[in-house]
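Have the sequence and the model open while reading.

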Amino acid sequence: MSAAVPETVPVEGGEVPVFTTGPGDGSCPGLVVVPSIFGPHDDLLDQMSGLADVGTAVVIDPFWRVGGGDGPTNTVPYAEHERAIERLAEFDRARCRDDIAAVVEWTRDRCSGTMVGLGICFGGPWVVTGAATGWFAGGAVTWHGRRLETVRDRGDDLAAPVRLLFGDADPVT
């Protein structure tokens, strides 16, 4: 297992922080992960490091423009839900869409060209949208995706398989 490496992807207005694992040499598929509102926590980065032998995983920090997190990974502790929600007040969805598109293309240049999206909670609608726009032609998966009703009209546009996973004991979704 290789540790996630911090990198940046140039975009309009700055650089998106990402954390990568895997060969990045074009030999494997690519996986772009859009995390929850808490950001790219170490537990997620460890899980993605476990995929290093089968793919190039890139975990984006969708909140890099607004900050509000702790340390180099810009995370908010899981117990501080209100603080994480506060970041949404300053969040620019259009810019995030452009940032994710740039990260997808950056990742595509480092993988076999097959792209998959994983959206965790907040990230769910983003990867479903990506499956409809062609970002993730290899497929999209959500782990207890929130606010999926905001993208239900994209169902007819889906050009890739989508899997929505929800836990039996998830009190929110």
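Helices (H or I, at least four residues) and strands (E, at least two) are DSSP runs, numbered from the N terminus. On that basis the protein chain has four helices and seven strands. Their order from the N terminus is β-β-β-α-β-α-α-β-α-β-β.

The model is predicted: local features need pLDDT of at least 70, side-chain atom pairs count only at pLDDT 80 or more, and totals for chains, interfaces and linings use all residues. Residues are numbered from 1 along each chain as its sequence is written, and side-chain values use heavy atoms, with hydrogens and water left out.

**Overall packing**

Buried means under 20% relative accessible area, exposed over 50%, and partly exposed in between (1.4 Å probe, protein chains only). Buried residues make up 45% of the 173 residues. A contact means heavy atoms within 4.5 Å. Of the contacts with a separation of 6 or more, 65% join residues 24 or more positions apart. The chain exposes about 8,500 Å², with 52% supplied by carbon and sulfur atoms. Accessible areas come from the Shrake-Rupley method with a 1.4 Å probe; for residues, only the protein chains shown count as cover.

**Strand E4**

How many of the five residues of strand E4 (residues 56-60) are buried? Five of the five are, so E4 is largely enclosed by the rest of the structure. Thr56, Val58 and Ile60 point one way, Ala57 and Val59 the other. In a regular strand the side chains alternate between the two faces of the sheet.

Two strands pair if DSSP finds at least two bridges between them. E4 pairs with strand E2 (residues 14-21) in the antiparallel sense over four bridges. There, Val18 stands opposite Ile60. E4 also pairs with strand E3 (residues 30-34), in the parallel sense and over four bridges. Val33 has Val59 as its bridge partner in E4. E3, helix H1 (residues 42-49) and E4 make a right-handed β-α-β unit. Right-handed means that, with the strands pointing away from the viewer, the path from the first strand over the helix to the second runs clockwise.

**Nonpolar cores**

A nonpolar core is a set of buried Ala, Val, Leu, Ile, Met, Phe, Trp, Tyr and Cys residues joined through side-chain atoms within 4.5 Å. The largest has 30 residues; Val16, Val18, Ile100 and Val103 touch the most other members. Strand E1 (5-11), E2, E3, E4, helix H3 (93-108) and helix H4 (124-133) each supply at least two residues of this core. H3 gives the largest share, five residues. Another core, of eleven residues, lies apart from it and includes Leu44, Leu45, Val59 and Ile120.

Val103 touches Val9, Val16, Val18, Val32, Val58 and Ile60, not counting residues up to four places away in sequence.

**Salt bridges**

A salt bridge is a side-chain nitrogen of Lys or Arg within 4 Å of a carboxyl oxygen of Asp or Glu. The whole structure holds six.

| Pair | Closest N to O |
|---|---|
| Arg95, Glu12 | 4.0 Å |
| Asp99, Arg65 | 2.9 Å |

Asp99 lies in H3 and Arg65 in the loop between E4 and helix H2 (81-89), so the pair ties together parts that are 34 residues apart in sequence. Asp99 is buried at 4% relative accessibility, while Arg65 is partly exposed at 29%. Glu12 is exposed, at 65%; Arg95 is partly exposed, at 31%. Glu105 and Arg108 both lie in H3, three residues apart, about one turn of the helix. Elsewhere, Asp70, Glu80 and Arg83 are linked in a network of salt bridges.
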